[in-house]
Amino acid sequence: MFDSQKVRADFPFLKKKTSKGKTLAYLDNAATTQKPSQVLNAIQEYYEEKNANPHRGIYELSEKSTEEYESARAAAAGFIGAESGEIIFVKNATEGMNLIANSLASAFLKPGDRVLISVMEHHANIVPWLLLKQRMGIEIDYIELARNGTLEENWEKRITPKTKIVSVTHASNVLGTINDVRDICATAKEKGCYTIIDGAQAVPHLQADVGKIGCDFYAFSGHKMLAPMGIGVAYGRGELLKKMPPFLGGGDMIRRVERQGAEWNDVPWKFEAGTPNVEGAVGLKAAIEYLQKLGLDSIKKHEEKLTRTTLDALNECEHVRILGPVNEKGKVGVVAFTHDKIHPHDLASVMNEHSVAMRSGHHCAMPLHQTLGMAASSRVSFYVYNTAEEIERFEEALEDAERIFRVK
Amino acid sequence: MYSEAVLRYYELPPNKSKIPGADKHAHADNPLCGDEIAVYLKIKGGKIVKASFEGQGCAISQAAASMLLESIEGKKLEDVLKTGEKDVLKLLGGAITPARLKCAFLGLEALKKTVAEG
């Protein structure tokens with residue numbers, strides 16, 4: 001187990017005081033994370049010493065930039081158990097999901113084919129399919145929830161002969177539920193479906209290995225795991241990527257362009273059009289190294305402890321309904337809840353007065369909230385630098401909100 | 001933000017009801033947080049004689065709607081159209097943080113819609 005106080009020393013942001021003169025209890029890590037000096041310095045160093053357009057120049061500097069970029073690809077591959085050639089750099093998990101959905105649909109789907117997703121998906125794994133539904137007439141089916149906030153048992157009954165793709169989240173950004181993606185991929189594959197896993201909420205918090213999961217595609221964001229915004233990864237099985245068309249066109253993704261035609265570059269560059277986000281890739285590599293040093297297993301344990309403390313605190317409050325699993329082992333460090341007397345926005349405003357950053361709203365999962373019969377919820381989510389003391393501050397703020405709204 | 005007045009209007013809004021046979025009626029919502037306001041106006045000789053609302057949502061959206069509708073009773077329709085965001089903030093008293101302005105102005109949006117197209 002690592003020492004979160006020692007970890008905090010690496011994060012300049014956490015030393016800042018809020019307008020209320022306190023340090024911020026930042027409990028919105030499912031949205032984005034703060035950055036350690038190691039990541040910030042790596043980016044600074046890249047621009048001071050190695051900045052040039054990669055894959056372009058013959059001069060030494062461009063080679064250095066290419067080396068930085070490609071070594072980040074290798075680091076990302078190693079982090080999720082993939083080959084470098086299977087890692088496509090994208091803006092974020094959302095762009096990754098869009099790339100995978102569109103390219104896969106162009107290659108293998110026809111009107112009337114069906115895609116199976118779940119009701120706990122983030123909009124990033126719903127809207128790309130809705131767009132394809134409008135554009136090419138595919139149909140979307142949903143795996144429903146069991147009462148405890150996991151996916152329903154016997155979900156495979158939702159696979160029809162027309163189902164070509166099963167695409168689900170590794171971990172829910174609201175319920176925190178960690179899905180048994182290994183079993184889902186094995187079952188889906190047996191039925192001849194392509195499998196896509198949205199790993200945005202899993203990769204930062206647990207050991208994710210695409211080989212062990214057995215998925216065809218996987219996507220995640222850098223900014224939710226200490227790296228900068230604007231860098232993410234779409235993983236695809238090499239043999240599939242070779243059969244799929246490019247997503248965006250432009251520089252770098254071609255071998256040759258003529259007036260009326262073009263020949264694509266090799267995988268993965270075929271999927272990376274235009275000057276890439278090298279600083280983002282450099283930052284991602286530094287973040288991966290930082291997380292590996294802490295150890296993903298230790299991170300998971302640390303978050304489990306914070307999650308347990310939070311669940312216990314919320315259980316004390318008779319007006320609170322916790323959404324999703326109440327066992328910390330089965331979820332990532334995300335706890336969403338509603339209060340039957342205080343609206344999530346009001347609760348978040350009172351939290352803000354206490355310098356506690358807590359999320360309120362639908363968390364980009366509107367169909368999930370509709371299924372749960374609510375428009376919005378409150379959510380706290382943890383990462384490596386969070387402490388038990390911050391959860392105490394969250395509890396105090398909750399009590400204060402109950403006092404303000406005369407619940408007690 | 002949560003003054004005694006805001007909390008009082010939130011808990012016991014004096015004008016939260018439907019007006020049967022209202023002359024004008026319209027509805028606005030914010031799907032981001034599920035807040036909803038439906039406004040009802042009774043009008044006589046170009047003047048608002050009764051204004052009420054139905055709705056659900058956070059304290060700010062509900063209190064602001066209630067306060068706003070109370071403040072326009074007796075006013076001419078054309079004057080109500082001149083009511084703006086500043087007036088709502090004045091009614092609410094304290095400072096509203098930027099993220100909550102949408103909540104504060106939902107009632108105003110519903111009112112303007114009611115006068116214009118209801």
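**Two chains, one walk-through**

Hi everyone, let me start in chain B: helix 1 (residues 4-11) packs against helix 2 (residues 59-72) of chain B at an angle of about 85 degrees, and their axes are 8 Å apart. That angle makes helix 1 of chain B roughly perpendicular to helix 2 of chain B. Before I go on, please keep in mind that this is a predicted model.

Which residues meet there? From helix 1 of chain B we have B:Val6, B:Leu7, B:Tyr9 and B:Tyr10. Across from them, helix 2 of chain B brings B:Ala59, B:Gln62, B:Ala63, B:Ser66 and B:Met67. By class, this contact between helix 1 and helix 2 of chain B has 7 nonpolar and 2 polar residues, with no charged ones.

Now to the strands of chain B. Strand 1 (residues 24-30) of chain B runs antiparallel to strand 2 of chain B, and 7 bridges join them. If you want a landmark, B:His27 has B:Ala38 in strand 2 of chain B as its bridge partner. The hairpin of these strands has 4 residues between them, and there B:Gly34 takes a positive phi near 85 degrees.

Next along, strand 2 and strand 3 of chain B are also antiparallel, joined by 9 bridges. Here you can look for B:Tyr40, which stands opposite B:Ser52 in strand 3 of chain B.

B:Gly45 is in the loop between strand 2 (35-44) and strand 3 (47-56) of chain B. This hairpin has 2 residues between the strands, and B:Gly45 takes a positive phi near 55 degrees. Is B:Gly45 buried or exposed? It has 6 other C-beta atoms within 10 Å, and a residue with 12 or fewer counts as exposed, so B:Gly45 is exposed.

How does chain B meet chain A? There are 11 residues of chain B in contact with 10 residues of chain A. On the chain B side, those residues divide into 7 nonpolar, 3 polar and 1 charged.

That takes us over to chain A, which has 13 helices and 15 strands. Along its principal axes, the C-alpha trace of chain A spans about 75 × 55 × 35 Å. For 408 residues, a compact globule would have a radius of gyration near 22 Å, and chain A agrees, with 22 Å. In chain A, 51% of the 408 residues count as buried. Looking at contacts in chain A with a separation of 6 or more, 71% come from residues 24 or more positions apart.

Let me finish with one sheet in chain A. It is an open sheet of 4 strands in the order 11-12-15-14, with antiparallel pairing. Its edges are strand 11 (320-323) and strand 14 (359-361) of chain A, each pairing on one side only. From one strand to the next, the twist averages 30 degrees.

Strand 11 of chain A pairs with strand 12 (residues 334-339) of chain A over 4 bridges, in the antiparallel sense. Within that pair, A:Leu323 stands opposite A:Ala336 in strand 12 of chain A.

Which helices pack on this sheet? Helix 10 (residues 296-315) of chain A does, touching strand 11, strand 12 and strand 15 (377-381) of chain A. The direction of helix 10 makes about 10 degrees with that of strand 12 of chain A. Helix 11 (residues 344-353) of chain A packs on the sheet as well, touching strand 12, strand 14 and strand 15 of chain A. The direction of helix 11 makes about 160 degrees with that of strand 14 of chain A.

Thanks, everyone!

Technical notes. Residues are numbered from 1 along each chain as its sequence is written. Chains are lettered from A and ligands numbered from 1 in the order in which they are written. This is a predicted model: local features need pLDDT of at least 70, side-chain atom pairs count only at pLDDT 80 or more; totals for chains, interfaces and linings use all residues. A residue is buried if 20 or more other C-beta atoms lie within 10 Å of its own, exposed if 12 or fewer, and partly exposed in between; C-beta atoms are placed from the backbone. The radius of gyration is taken over C-alpha atoms; the globule rule is 2.2 Å times the number of residues to the power 0.38. Two residues are in contact if their C-beta atoms, placed from the backbone, lie within 7 Å. Ala, Val, Leu, Ile, Met, Phe, Trp, Tyr, Cys and Pro count as nonpolar, Asp, Glu, Lys and Arg as charged, and the others, Gly among them, as polar. Two strands pair if DSSP finds at least two bridges between them. Axes are lines fitted to C-alpha atoms, for helices over the stretch in contact, and angles run from 0 to 180 degrees between N-to-C directions. Angles under 35 degrees count as roughly parallel, over 145 as roughly antiparallel, 65 to 115 as roughly perpendicular and the rest as oblique.
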